[in-house]
Amino acid sequence: MRLFSIITDTACDMPAELAKQLGITTVPLKAIIAGKSIDFTLEPIDIGDLKFYDLIRNGVDVKTSAPSLDDYLKHFKAELDKGMDILYIAFSSALSTSCNISMMAAKELQEEYPDRKILIVDSKCASMGQALLVYYAVQKQREGASLEETFEYAEALKEEVSHWFTLNDLYHLKRGGRISASKAVVGSLLNIKPVMKVSPEGKLEPYCNARGRKLAIAKLVEKMGEYYYPDRNDIVFISNSDCAEDADLLARSITKNFGITNFVISDIGPVIGAHTGPGTLALFYLGKGKF
């Protein structure tokens, strides 16, 4: 059985140390900060004296873009030249063009490496939901599964990776065109905290609104209680954008309610954070029908 590499991209927000432990390669997406394009790796980016979320709070223009075709060709060729096949687990195609660009790269490389295989999973996931799918795919690989077996496993498992998150500020939803300016103003005045999820199609969907942060966090725990698999969640992933205390509070509440004590808590990087803003708190686990 030929060896294969598992590759993902930096929209996964996985801690750099965990990525090293898992032995995975990540293709960097790009953050465009005040007109300057920066490859976003899993390591902290150097943007000067202010932290990334301070820049957003100060109104600095931040945009994002997918890796280029050349980026994918470079990273894929590096593994193919080692004699490895590739399983690439991509950021949701409903949220980025990165998956489609990776498929273009794979098609081009198949002509140059006809005896190699490149299989691509459209994760329909984002942030640490994507990381959770990668984590389980690596465990499957380490159990001795082939490239095709791991691909089929990831394709099935992605339907069960649940994403629930809450935002601290409605402004970023307004800026992205998801709500009107008037709703953003009224919501802010009423201390409304939207609770959202990722759909089976990999899109962001509003679920409900909560009055205040504590109720929003309680709603995340409540939904987990309704949908998670008690016998399959030995680890839970949490990501946050500059609200580590809330992430710790969420983890403690999950431990109290469900007895789970194994967590990976990570920062939300610039690619996701540019669209959700500071104060985003997200929870990821295996659940019934991606809930």
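This is a predicted model: local features need pLDDT of at least 70, side-chain atom pairs count only at pLDDT 80 or more; totals for chains, interfaces and linings use all residues.
An open sheet is built from four strands, which follow the order 2-1-6-7 and pair in parallel. Its edges are strand 2 (25-27) and strand 7 (118-122); each of these has a single partner strand, so one side of each has no neighbour in the sheet. From one strand to the next, the twist averages 25 degrees. Strands of a sheet pair through backbone hydrogen bonds, either parallel or antiparallel.

Five bridges join strand 6 (residues 85-90) to strand 7 in the parallel sense. Within this part of the sheet, Tyr 88 stands opposite Ile 120 of strand 7.

Two helices lie across the strands. Helix 3 (residues 69-80) lies across strand 1 (4-9), strand 2, strand 6 and strand 7, and runs at about 160 degrees to strand 2. Helix 6 (residues 147-157) lies across strand 1, strand 6 and strand 7, with an angle of about 10 degrees to strand 7.

**Aromatic contacts**

The structure holds nine aromatic pairs. One of them is formed by Phe 76 and Tyr 88: the ring centres are 5.6 Å apart and the planes meet at 65 degrees, over the 60 degrees that marks an edge-to-face pair, so the pair is classed as edge-to-face. This pair links distant parts of the chain, as Phe 76 belongs to helix 3 and Tyr 88 to strand 6, twelve residues apart. Through ring pairs, Tyr 72, Phe 76 and Tyr 88 are linked into a cluster.

Elsewhere, a charge meets a ring: the charged end of Arg 232 sits over the ring of Tyr 229, 4.6 Å from the ring centre.

**Cysteines**

The number of disulfides in the structure is zero. Cys 208 is in no disulfide, and the nearest cysteine sulfur, in Cys 243, is 17 Å away.

**Accessibility**

| Residue | Relative accessible area | Class |
|---|---|---|
| Phe 76 | 0% | buried |
| Tyr 88 | 0% | buried |
| Cys 208 | 21% | partly exposed |
| Cys 243 | 10% | buried |

Cys 243 counts as buried because its 10% is under the 20% limit. Cys 208, at 21%, is partly exposed.

Methods
Residues are numbered from 1 along each chain as its sequence is written. Side-chain values use heavy atoms; hydrogens and water are left out. Two strands pair if DSSP finds at least two bridges between them. Axes are lines fitted to C-alpha atoms, for helices over the stretch in contact, and angles run from 0 to 180 degrees between N-to-C directions. Contact means heavy atoms within 4.5 Å. Rings of Phe, Tyr and Trp (its six-membered ring) pair if their centres lie within 6.5 Å; planes under 30 degrees apart count as stacked, over 60 as edge-to-face and the rest as tilted. Buried means under 20% relative accessible area, exposed over 50%, partly exposed in between (1.4 Å probe, protein chains only). A charge sits over a ring if NZ of Lys or CZ of Arg is within 6 Å of the ring centre and within 35 degrees of the ring normal. A disulfide is a pair of cysteine sulfur atoms within 2.5 Å.
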